[in-house]
Protein chains: 2
Amino acid sequence: MSILAVGSVALDTIKTPFGEARDIVGGSLTYFSLAASYFTNVNLVAVVGEDFDEQHMQVFAGRRIDLQGVERAPGKTFRWGGEYSYNLSSRATLFTELNVFEDFRPKLPEPYKQADIVFLGNMHPTLQLSVVEQVTSRRLVGMDSMNLWIETTPNELRAALKQVDILKIDDSEARQLSGEFNLRKAAAAIQEMGPQMLVATRGANGSMLFNGSSIFAVASYPLEDEVDPTGAGDSFAGGFFGYLAQKPSLDEATLRRAVIFGSVMGSFCVEDFGTRRLERLSFNEILDRYRRIKALTSFEDV
Amino acid sequence: MSILAVGSVALDTIKTPFGEARDIVGGSLTYFSLAASYFTNVNLVAVVGEDFDEQHMQVFAGRRIDLQGVERAPGKTFRWGGEYSYNLSSRATLFTELNVFEDFRPKLPEPYKQADIVFLGNMHPTLQLSVVEQVTSRRLVGMDSMNLWIETTPNELRAALKQVDILKIDDSEARQLSGEFNLRKAAAAIQEMGPQMLVATRGANGSMLFNGSSIFAVASYPLEDEVDPTGAGDSFAGGFFGYLAQKPSLDEATLRRAVIFGSVMGSFCVEDFGTRRLERLSFNEILDRYRRIKALTSFEDV
């Protein structure tokens with residue numbers, strides 16, 4: 001069982017009230033694949049520039065991450081900078097330099113074309129669609145989207161959504177995409193566009209799963225020390241799809257467990273700068289946090 | 001088992017995108033007592049003006065609400081007007097006329113002085129303290145507070161908090177009262193001020209219970225049709241303390257069930273204007289929604 005994951009690898013500059021980090025390896029696909037690799041094999045398709053050196057590459061080393069599909073292109077790596085407010089509840093983008101990501105045209109290595117789960121990371125929906133078209137067999141297509149594509153390429157996004165089984169989306173993006181403020185109505189409208197399943201993340205406010213007419217809602221793990229929220233949503237997606245990849249059936253109980261593993265990976269991500277916490281996790285810590293979430297959300301029948 | 005409940009009864013004018021209601025019976029204590037009366041007997045201490053007629057009083061009739069402690073004073077009833085934004089996520093206060101509530105000095109009828117649970121509704125903390133002082137025996141003191149008192153009478157609020165066992169508070173108020181943004185840290189700081197237990201409501205984002213070092217977190221019931229959020233937090237408090245009043249023990253399992261009943265009553269409140277939905281509830285509907293919340297938040301161990 002494996003995940004084919006396509007999206008952005010970047011060099012990030014992050015400022016929070018607790019410190020600053022410059023040119024650290026980031027990008028949504030980096031967080032996704034680190035988180036997913038605790039559960040399954042990840043085949044990575046991405047582009048980096050000439051400035052992405054061996055040391056940067058070490059983030060992926062010694063993990064269940066295959067790098068055959070990582071292309072090195074002439075030019076600089078995608079760079080992003082962001083600064084968080086004093087309580088981490090909002091952030092300003094300092095700069096976005098697409099660089100080699102601007103001309104990225106995902107090409108799947110032959111062995112990647114038979115994928116268990118295809119994960120379309122945040123990028124132009126036409127590129128997302130081109131990935132699906134290159135795959136010859138798959139069980140499931142997952143997608144992450146972003147307000148940028150909802151605003152700038154709505155038609156292309158609609159075309160890509162038709163190929164998607166599970167959409168991972170932020171609650172505000174779900175509202176924007178559907179034109180509905182109420183999350184249940186928003187989910188129902190998006191389910192009409194293609195994906196039968198939606199997992200809506202709400203940051204510190206928890207997450208929801210819409211699976212056909214069934215709904216699952218869970219609160220976030222209440223962290224005492226939050227350091228850097230960058231990549232938390234991508235880590236959620238990695239835990240969610242990574243857990244699903246190793247399960248033969250996508251029944252409701254399995255999907256709900258996947259949401260909890262997503263929540264676990266998102267919460268760990270926030271505990272340190274960039275990918276640091278994800279890099280030094282053990283699977284026992286992951287299981288332990290799952291059980292803590294179970295304990296702190298359980299209540300008895302009446 | 002009974003609750004002694006003290007606070008405000010008002011005549012509200014409410015505008016939402018779905019309609020408008022003028023001079024309907026409101027006030028935090030009205031919502032609290034309607035919700036609590038589905039679980040226990042409520043002894044109401046409040047003041048109304050000469051304009052609060054028999055028809056207004058009908059809201060409380062035929063319920064487990066004792067009105068012996070409702071004083072009729074010369075002048076007009078407390079009036080409040082509010083208008084909600086298009087998606088109900090924010091509201092503007094149109095007017096606040098304290099009227100007879102300004103000179104309210106709660107006087108407990110003799111039979112009220114032995115109370116199982118004392119609920120101190122949102123009012124000046126010195127009045128809250130005067131209620132506790134009149135009570136001769138009690139099992140538990142619950143309090144609701146509000147940003148107004150955190151800002152204007154912090155010392156009086158601190159004095160009142162020392163008498164409180166369970167504080168029901170909005171998450172933003174918890175942050176304001178403690179000076180901590182992180183909710184776990186905020187709760188720990190407030191627990192140092194007196195109440196061993198905190199129930200923090202977060203509107204559509206769920207609620208949390210802090211009981212000593214134990215934490216419980218639950219998502220809100222995802223409503224499809226929200227009509228009017230006025231009184232939802234007070235209805236939560238009514239369900240929470242009402243359920244507790246009829247339970248001999250305040251163990252963790254009981255407290256968690258009380259949070260769910262709070263959440264149930266808050267969610268019903270939002271489904272119609274003012275108190276309308278609370279007035280026409282059946283206990284079977286309440287149990288049914290409890291079970292729905294159980295179903296939509298349950299997941300299996302790993």
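Author: Let's start with a term: a salt bridge is a side-chain nitrogen of Lys or Arg within 4 Å of a carboxyl oxygen of Asp or Glu. Bear in mind that this is a predicted model, where local features need pLDDT of at least 70, side-chain atom pairs count only at pLDDT 80 or more, and totals for chains, interfaces and linings use all residues. For bookkeeping, residues are numbered from 1 along each chain as its sequence is written, chains are lettered from A and ligands numbered from 1 in the order in which they are written, and side-chain values use heavy atoms, with hydrogens and water left out.

Reader: Why is the pair A:Glu271 and A:Arg289 called a salt bridge?

Author: Their side chains come to 2.7 Å, N to O. Helices (H or I, at least four residues) and strands (E, at least two) are DSSP runs, numbered from the N terminus.

Reader: Which of those two is buried and which is partly exposed?

Author: Buried means under 20% relative accessible area, exposed over 50%, and partly exposed in between (1.4 Å probe, protein chains only). A:Glu271 has 21%, so it is partly exposed. A:Arg289 has 9%, so it is buried. Both belong to a network of salt bridges that also takes in A:Arg277 and A:Glu285.

Reader: What makes B:Arg257 and A:Glu300 a salt bridge?

Author: The closest N and O atoms are 2.8 Å apart, so they fall inside the limit. Here B:Arg257 reaches across from helix α9 (residues 252–270) of chain B to A:Glu300 in the segment after α11 of chain A. B:Arg257 counts as buried at 15%, while A:Glu300 is partly exposed at 42%.

Reader: What makes up the interface as a whole?

Author: Going by contact (heavy atoms within 4.5 Å), 40 residues of chain A meet 40 residues of chain B. Buried area is the accessible area (1.4 Å probe) that two parts lose on being put together, summed over both. For these chains that is about 3,700 Å², with carbon and sulfur atoms giving 52%. In chain A, the residues losing the most area to chain B are A:Arg184, A:Phe299 and A:Val302, together 21% of what that side buries.

Reader: Which elements of chain A supply that side, and what kinds of residue are they?

Author: α7 (183–191), β13 (214–218), α9 (252–270) and α11 (283–297) of chain A each supply at least two residues. The largest share, eight residues, comes from α11(A). By kind, the side divides into 22 nonpolar, six polar and twelve charged residues.

Reader: How do you know that the copies meet through the same surface?

Author: 100% of the interface residues of chain A are also interface residues in chain B, so the surface is the same. A rotation of 180 degrees with 0.0 Å of shift along its axis superposes chain A on chain B, with RMSD 0.0 Å. The copies are thus related as by a two-fold rotation axis.

Reader: Why is B:Leu244 called buried?

Author: B:Leu244 has 0% relative accessibility, so it counts as buried. This residue lies in helix α8 of chain B. Leaving aside neighbours within four places in sequence, its contacts include B:Ile117, B:Leu140, B:Ile166 and B:Leu255.

Conventions. Ala, Val, Leu, Ile, Met, Phe, Trp, Tyr, Cys and Pro count as nonpolar, Asp, Glu, Lys and Arg as charged, and the others, Gly among them, as polar. Copies are superposed by least squares on the C-alpha atoms of residues with pLDDT of at least 70 in both.
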